[in-house]
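Hi everyone, thanks for making time.

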Amino acid sequence: MSKETADRHVPVMRDRIVDLLAPALERPGAVFVDGTLGMGGHTEAILQRLPHVTAYGVDRDPQALDLAGARLASFGDRFIGVHAVYDQTFTALADLGVDEVDGVLFDLGVSSLQLDEADRGFAYAQDAPLDMRMDQTTGVTAADVLNTYSGADLERILREYGEERFARRVAVAIVRERENAPFTTSARLVEVLRAAIPAASQRTGGHPGKRTFQALRIEVNSELDVWRAALPAAIDHLRVEGRIAVLSYHSLEDRITKQALAAGARSTAPPGIPIELPEQAPYLKLLTRGAETPGETEIAHNPRAASARLRAAARIRTTERTSA
């Protein structure tokens with residue numbers, strides 16, 4: 001294991017996630033998929049505790065795959081890294097001959113690696129190029145969004161993805177400022193945000209860059225659209241008695257997760273019908289009561305865990321697949 005990698009990454013709610021997934025991963029030949037590998041902390045814990053598991057770690061970030069691969073090298077062929085966006089996870093696994101899996105984890109949002117690498121542009125506390133791509137080999141950057149989107153589109157993503165109360169003021173300020181010179185670095189954007197957002201809101205609402213940076217990151221990486229596609233595909237490919245766990249870090253991701261898992265755990269029989277047909281029965285059983293959150297001790301040790309919300313479910317019957 002790479003000690004440097006392990007020291008840089010504290011897996012959120014690691015032990016609880018392993019406890020939730022373990023019953024599905026105890027059989028010989030069990031397959032675990034980490035759909036958002038990051039630096040591999042959760043996968044390492046699964047492989048250490050469950051000796052019969054083969055783990056596939058999926059990430060869109062080549063740097064994360066390299067670091068996690070070094071960390072997990074001691075597990076030999078029990079770990080396979082896969083370069084893909086997580087909505088393409090099961091297409092990529094089909095190419096490797098994997099059609100059904102026993103356990104799936106998604107740890108959504110930006111990873112510690114991406115936050116800590118200044119030149120990635122994810123962190124508003126450091127001056128850096130406005131990139132924010134999780135895969136730096138493809139796609140538009142945050143600077144492209146800031147410099148080319150219309151004021152109306154900027155306002156929309158700030159309101160929808162950043163839940164920014166002052167979305168219009170911020171969008172107007174960005175459009176006005178980019179007429180002087182294109183945006184290239186985060187420090188200049190933070191200056192604009194400090195000037196655009198009322199001081200009273202900054203005193204109570206945290207750093208003025210928090211919501212705008214979140215909105216830009218989600219837009220650049222199409223995070224919500226990817227998640228809406230990835231979650232049903234993961235459920236489709238779970239074996240009966242397989243389990244899925246999801247860590248979300250903001251309300252938009254968590255709402256998608258909550259709705260999908262709740263729909264699977266609910267009968268579709270019309271109200272008042274005395275007999276439920278087999279195809280109307282729930283196909284998921286919820287394993288968490290609402291969303292679980294980290295304890296105070298974990299948050300004190302790892303402040304980035306504070307906003308985490310964990311939901312999990314088990315597959316209890318087969319269904320026709322809704323995804324490829």
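Let's start with helix α14 (residues 251-264), which lies across β5, β6 and β7 (309-315) and runs at about 25° to β7. Contact here means heavy atoms within 4.5 Å. Angles run from 0 to 180 degrees between N-to-C directions, with axes fitted to C-alpha atoms, for helices over the stretch in contact. Helices (H or I, at least four residues) and strands (E, at least two) are DSSP runs, numbered from the N terminus.

Before I go on, this is a predicted model: local features need pLDDT of at least 70, side-chain atom pairs count only at pLDDT 80 or more, and totals for chains, interfaces and linings use all residues. Residues are numbered from 1 along each chain as its sequence is written, and side-chain values use heavy atoms, without hydrogens or water.

Now the sheet: it is open and mixed, with 7 strands ordered β3-β2-β1-β4-β5-β7-β6. At the edges, pairing on one side only, are β3 (79-83) and β6 (284-286). Pairing requires at least two DSSP bridges between two strands. From one strand to the next, the twist averages 20°.

Strand β2 (residues 54-59) runs parallel to β3, joined by 5 bridges, and Val-58 stands opposite Val-82 in β3. Helix α3 (residues 41-49) lies across β1 (31-34), β2, β3, β4 (101-107) and β5 (238-248), at about 165° to β1.
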